[in-house]
Each structure stands twice: as C-alpha cells, then as structure tokens.
Amino acid sequence: MAGQSDRYGTGYALPVMQSTAAIVMDGALLARELREKTRESAARVTKALGKTPCLKVFLVGDDPASQAYVGSKTRAAEEVGLQGETLRIPADESPDRLLDGVSRANNDPAVDGILVQLPLPPGHDATRVLDSIDPLKDVDGFHPENVGLLHQGRPRFVPCTPAGVLALLDRYAVPLAGRRAVVLGRSDIVGKPVAALLTARDATVTLCHSKTRDLAAVCRGADVLIAAIGRPGFVTREFVKEGAAVVDVGINRLTPENIPQHLAQSPRIRAALELKGRALAGDVDFDDAAKAARWITPVPGGVGPLTVAMLLENTVKAASLHA
Ligand code: GUN
C-alpha cells in the first residue's frame, strides 16, 4: 500500500496536460516511469535468485478483451526483463484443467507469480479457482488471505488497478487525508480494494452501488471520485464537485451500435469510430466532467497502463518473497 508520504517521489515538476479547467492525470507517463524502476528491481532480483522471475497467466476462452489484456501483461513483463508465460485453455475444456494448471504452477519453483484472467467463462467457479492459488504467488491480490491482509492495513499484494489509482493520485499530490472519497462500484477487483486503500490513507470513504439512492448527490459530495461501474460516460458534470479529483477506471468498448447518445458528440470518440469502427470510453463523460474537476484521468491513457505496471511490481515482489 502506498505510504502516507508520496511513495513515487514528486521531486521534480509534475508533467501535466492542461485542459480548459482540469489537470489531466497522465497514467501512461507514470506507468513508463514505474516500469523503468521495475526493470532495475527485476535485474537485482534476477541476480540474487540466479533466475529470471516468472509470471504465469491463465487465459480461458477467446474473449477478445481478455486476450488483449493478457497479451499486454506478458509483453510488458518481457519488456522489463521478467519471463511472461501464458497457458491458453479453450472455453469448453473441463474446469478441472484450469484447477490442475494452477496447482502445477503453485508447485513449480520456476513460477513466481500466478494470474488467472477474469472473467472466466460460464461453468467455472472463479472463487474456487482464486482460492486455489498459492497466496505467496497471488500477484493479483485476490486470494482471501491477501484480501484480509489488505483490509487489516498490512498488504502483501495490493490488487493492481487499485494500486494504480493510488499511485496516480499520489503522483499528482491529490490530498486524501481527511477528504471525502466516493467509490462508484463495489467489485472485488476494484471498488472494495480501492475503498480499503483510501480508508488506510485517512480519507472518509463512501462505497456506492446499484442500490445507492441519490447517486449524483452522493458523488457531488466527493473530493475524490473513483468510477468503476462499467457504464460508458455515466459520470457527467452533475456528479462532480467543483475542484474534485475524478479517476475513471472504466474501459468500455464502443461501436456505432452501442454508443450512448450523449457520447456520440465527443470529437475523440467520433474520430476513433470513423477510423477504426470502435472506440474506448471510460465510465466518465470526460469532456463534461472536466468542466468541474480539478484533476481527471483520460481513457485510454489513465488508470489502464498503471494496472499492468503494478502487476510487474507485484511479480518482482513475489520473486523476492520466494528468495
Ligand atoms: N479482469 C479485469 N481486471 C482484472 C485484473 O486486474 N486481474 C485479473 N486477473 N482479471 C481481470
């Protein structure tokens, strides 16, 4: 977990892209900086262990988004000097094949970190699979032992996207202690762990979900608003307090068929749709929310690249724990 002070060192001028009102928090740039540091720590650990730390990724089925994420994780691992291996399992294989693969990876001293890409296809019991991962190789931080440690404030592996959110807020020196934070979405992957991390940093945290009443009003009370609900462009200016920090965790794939009407006007999204027939959009209507926010993350180029950077950090940490 990030410490009270700025873990990533803001000893030099913050690189900022200035929109009309808001500072755009550049996750791609921070991810590159973090990956350089990980390259150095990976080299140190490789020397100490006499072997290259290895991340083993399990990909079940052929979901295009999951394939793209897994490809970028293993490529990034190789780029910083780690070994990235993927075991692809067809969606119609018996769920035992995945459990067996995880068990082998648990017992293989060559493997330091294990990641099972989610969501799993129907027929798989994700809880059973995540529970079966050796907690000392659980670089996603989803095993109940690691979840418990995180919530007790003594994290071993911090889940990657929440760790990226905190890294970005720290990098831009967004104040957290004593501030009101609202987290939209209560998933195990993002909402719950990000709420735990913000609580540990002395923010006053409200965790919202589909049954929350007066959602926009609750969000307008936030100094720090984290959106992780998987609904493109859901957070508009009406949700954002003047001067708030808005972090967009959503990665929604838009096509001309599924684009919400209010996003169809965005020049960036229109250009991407015209060029490629598809576009990425976050949970935040960026152009609208940026009118009120002081800090805001873009999609793409915000939290997404940090998820991968944090996974690499966790893999090096796993390798050093095994040493
Ligand atoms: N699917 C979406 N985000 C994640 C993540 O952080 N880890 C895994 N394993 N699957 C995901």
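## The ligand pocket and its surroundings

Helix 2 (64–79), strand 5 (113–116), helix 6 (160–171), strand 10 (252–254) and helix 11 (304–322) each give at least two residues to the lining of the largest pocket. Helices (H or I, at least four residues) and strands (E, at least two) are DSSP runs numbered from the N terminus. This is a predicted model, in which local features need pLDDT of at least 70, side-chain atom pairs count only at pLDDT 80 or more, and totals for chains, interfaces and linings use all residues. Residues are numbered from 1 along each chain as its sequence is written, and side-chain values use heavy atoms, with hydrogens and water left out.

Let's start with the pocket itself. On a 1 Å grid over the protein atoms alone, a pocket is an open set of points where a 1.4 Å probe fits, with protein on both sides within 12 Å along at least five of seven lines, and lining residues have an atom within 4 Å of a point. The largest pocket holds about 1200 Å³ of space, a volume filled by probe spheres set on grid points joined across faces, edges and corners. Its lining has 45 residues, with Tyr69, Thr161, Val249, Ile251 and Thr307 nearest the centre. Helix 2 supplies the largest share, seven residues. By type, the lining splits into 24 nonpolar, 13 polar and eight charged residues; here Ala, Val, Leu, Ile, Met, Phe, Trp, Tyr, Cys and Pro count as nonpolar, Asp, Glu, Lys and Arg as charged, and the others, Gly among them, as polar.

The ligand takes up the space of the largest pocket (more than half of its atoms lie within 2 Å of the grid points). Around the ligand are Lys73, Leu115, Val116, Gln117, Leu118, Asp140, Phe142 and Ile189, each with a heavy atom within 4 Å of it. This shell comprises five nonpolar, one polar and two charged residues. The table gives polar contacts, pairs of N or O atoms within 3.5 Å.

| Residue | Protein atom | Ligand atom | Distance |
|---|---|---|---|
| Val116 | backbone N or O | nitrogen | 2.8 Å |
| Leu118 | polar backbone atom | nitrogen | 2.9 Å |
| Asp140 | polar side-chain atom | nitrogen | 2.6 Å |

Taken alone, the ligand exposes 280 Å², and the protein buries 84% of that (Shrake-Rupley areas with a 1.4 Å probe).

The backbone has some details worth a look too. Leu118, whose backbone contacts the ligand, is joined to Pro119 by a cis peptide bond with omega about 0°. Pro119 sits in the loop between strand 5 and helix 4 (126–132). A cis bond also runs from Val299 to Pro300, with omega near 0°, and Pro300 lies in the loop between strand 12 (295–296) and helix 11.

Terms used
Polar contact = N/O pair within 3.5 Å; in protein donor to acceptor, adjacent residues only side chain to side chain.
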